[in-house]
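Open the model in your viewer and keep the selection tool at hand.

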Amino acid sequence: MAMAPEPTGPAAGEAAPIAFEWSRLLRWDVAVGILLVAVFATGAGSTSDFASSSNLSFALNDIAEVGLIALPMTLLVVAGQIDLSVASMLGLASSLVGQLWDAGWTFETIVPVVLVVGVLGGLLNGWLVTSVGLPSLAVTIGTLTLFRGLASVVLGTEAVTQFPATYTDWVREDVPGTFVPYPIALFAVVAVVTAVVLHATGVGRSLYAIGSQEDAAFFAGIRVRRIKLVLFAVSGLFAAFAGIVYTLRYGSARADNGLGLEMVVIASVLLGGVDFNGGRGTLGGAVAGLLLIGILKNLLTLNDVTNEVQVIVTGLLLVLSVLTPRLVESVTTRRQSRALRAGDAPTPPPPSPRPGLSTRTG
Amino acid sequence: MNKSDSVRPPVLALRGVSKSFGAVRALRDVSLELHAGEAHALAGENGAGKSTLIKTLAGVHRPDVGEVLLNGEPVVFHGPKDARDAGIAVIYQEPTLFPDLTIAENIFMGRQPRRSLGRIDHRAVRRTTGELMRRLGVSLDADRLARGLSIADQQIVEIAKALSFDARVLIMDEPTAALTGSEVARLFSVVEALRAEGAAVLFISHRLEEIFSLCQRVTTLRDGRWISSEPVAGLTEDDLVRRMVGRDLDELYPKQQTTIGQVALSVRRLTREGVFRDVSFEVRRGEIVALAGLVGAGRTEVAQAVFGVDRADAGEVRVDGRALPPASPTAAMDAGLALVPEDRRQRGLVMEMSIERNIGLTGLGSLGRGGLVRRALERGRAADWAARLQLKYNRLSDSVEVLSGGNQQKVVLAKWLATKPSVLIVDEPTRGIDVGTKAEVHRALSALAADGLAVLMISSDLPEVLGMADRVLVMHEGLLVAEIPRSEATEESVMAAATGRNTHSGRAA
């Protein structure tokens, strides 16, 4: 990717000269990138058709919606927040597209209306988190159900399918001369913008500060609530947009479109080494995680692996992605702290490496 | 001083201990003897090796060279559990109790007395807790939840827990840093009682007067080396400081003469219901105004309302004549206000971020065009202020976690001074930092005031208040009760106002 030179990754401690080279190699997002290349090479070598441009085009387009949602999700997770309602918002957007199209609206009217609904849904999440002060996990579990319910109210159990080719084509076709479908080209552009925002702007710096220590960010004059509110609104916006893309790509508007997709989004982001607790991670890592999941899924499908097994693989990857950076980190910090906390420890010692010390109850 | 020296071997001792971490030699040939019934102070600046020494005694570290002696016999602790079983207990500055368990449950966590079928014998737990509290001479209810206990009370619980293990050696790592005067007094009486029962105490504090009032012997470390072990009697504070820093310290309170100028900060009738009310004061350019009072008097809350992190219910704050909108730290910063908060680990710094990013955090709009952050500007800003404040660091990209407390405080100062404020509010600027760095922070504040900065300094450290302030404001129970000019400020006058003279004093935090 074009960015992510900054070692904010899990093993970001350049602190000790001794641990320096290690930390470079052990950065989780880099490791995922290497794994991605390895999986790609293995797939190209073992599975015929895998590296063909038509398959790659298909495989890429298959992650378009997840990818578009994963970009703002990365920013949210870095800021210590999460939005679980995205797939339901996708479904709500899809229902609205279907219902309004059925009612005879033009596409040029439908798109802005649906996007506004997405922003409103995101603002609802953001308002509940910032003004009411609820944890985003709880809030968005609620709106996950709420939005999906609204989707069913809008469209019921029917499906709207007759979308004209003029609209469906652009989501299915490649940018001329490449194997990159238009939605993925859009994703790439937004990914670069997101990467710049996260890694090279004051807003990006603020996100890391909010994610690692919200109090300190607030005391430094950062508009914590406003930033969070905007993030949730953007997340809603992209989820609604992904709903439009999804509807056109499958040519079918249904209330249960994208059911459970939020888990794939979050799996991608976490697999890319973005810390669930906030404050750490790179956009490059998240994109690598996303591509890895997409390519694995494609490879497994090409090799006739059943969907159930694919789900299990994704699940294992997710567990692995949460577990491994922790293990890597504990190894490196132990290595570093041995070197660094040599004199008077400047900070109270972390409770973890000293189990059972009599005066510590933890 | 101690007759048992010659008769019995020390309860716990280190002999010729060295310990290295990679290239860093944390301890070099250090020896220490702790005797029963004696309170022994460990003095030294941050980075002198005190924590490593404690951890060696507590079984966390094993010495590379030298040995640990228990009752004169060499022992090897394979972990903290071994040390605990040998009767060594460590009390940390910030205890970690389970907030949702009662005091009694915390004390007996994991080793509750049992009745038949493995049921916990709650009566025995409570009864024993009661006995422990009586032994310590404190009245804490065994059934009270740990949540909401003051740090002082939490420490008492930790000490009670140590007693329940029959600890014979009590190691206290800066236990008083967050305590009020009366809490310190209570802690000391508890320690005295334990000492009278024959416990050996190792006590660490940056407050020299505490070493003199509590301890019989003091061992000084500097740069990992043993400097001296001697009776406290006959030492002066200056002697001890000289041993710690290895040179004569420049004046600890280098107050410069300044010309006092225009009003920079004006606070009028600021009120937050139930916290403070009708607080009015002014701070002028070039002036250091101290805000004194007991912990809990509302000083920090006033500062936070002035800066806008808390919303005031009424009143007005003006900076350079301009009224600030309520509850907007961003607007306060733009107007030239800066707040160095009391809790630097939680509020002052993002601990896992690098030095340069922490310093850059207050200037994200000014480090590049269009919201972009230019690395070179970010680093330049950090390097500039690091040099001005004599920050000791390895690399600017190191996380602030690895810095000592004093240097962390300098990063917080740097972060705020880099905003070029006209009014600086500092809340407990030197709490928990060593003597050498303390003097540097004082010198920096003094120089800033001389350059025309208006400084409002909240401090519970009376010598600091008297040494640094041009004027002392005193709060008591949410009210501003006194304004004392430098010439009339004495420990007595400030304390009299802080305790509300005729009203009841000694409120806990």
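Two strands count as paired if DSSP finds at least two bridges between them. Helices (H or I, at least four residues) and strands (E, at least two) are DSSP runs, numbered from the N terminus. This is a predicted model, in which local features need pLDDT of at least 70 and side-chain atom pairs count only at pLDDT 80 or more, while totals for chains, interfaces and linings use all residues. Residues are numbered from 1 along each chain as its sequence is written, chains are lettered from A and ligands numbered from 1 in the order in which they are written, and side-chain values use heavy atoms, with hydrogens and water left out.

**Stop 1: a sheet in chain B**

Select strand S11 (residues 263-272) of chain B; 6 bridges join it to S12(B), and the two run antiparallel. To see one bridge, pick Val263(B), whose partner in S12(B) is Arg284(B). Now go to the hairpin of S11(B) and S12(B), where 3 residues lie between the strands and Gly274(B) has a positive phi near 75°.

Arg318(B) has Ala323(B) in S15(B) as its bridge partner.

**Stop 2: two domains of chain B**

Colour domain 1 (4-97 + 149-245) and domain 2 (263-336 + 421-498) of chain B; such bounds come from an automatic or database domain assignment. The C-alpha centres of these two domains of chain B lie 35 Å apart.

Between them, domain 1 and domain 2 of chain B bury about 680 Å², 61% of it on carbon and sulfur atoms. Buried area is the accessible area (1.4 Å probe) that two parts lose on being put together, summed over both. How many salt bridges cross this interface of domain 1 and domain 2 of chain B? The rule finds 0, where a salt bridge is a side-chain nitrogen of Lys or Arg within 4 Å of a carboxyl oxygen of Asp or Glu.

**Stop 3: a salt bridge between chains**

Over all chains, the structure holds 33 salt bridges. Select Glu378(B) and Arg205(A), which form one with their closest N and O atoms 2.7 Å apart. Glu378(B) lies in helix H14 (residues 375-388) of chain B and Arg205(A) in helix H10 (residues 202-212) of chain A, so this pair joins two chains.
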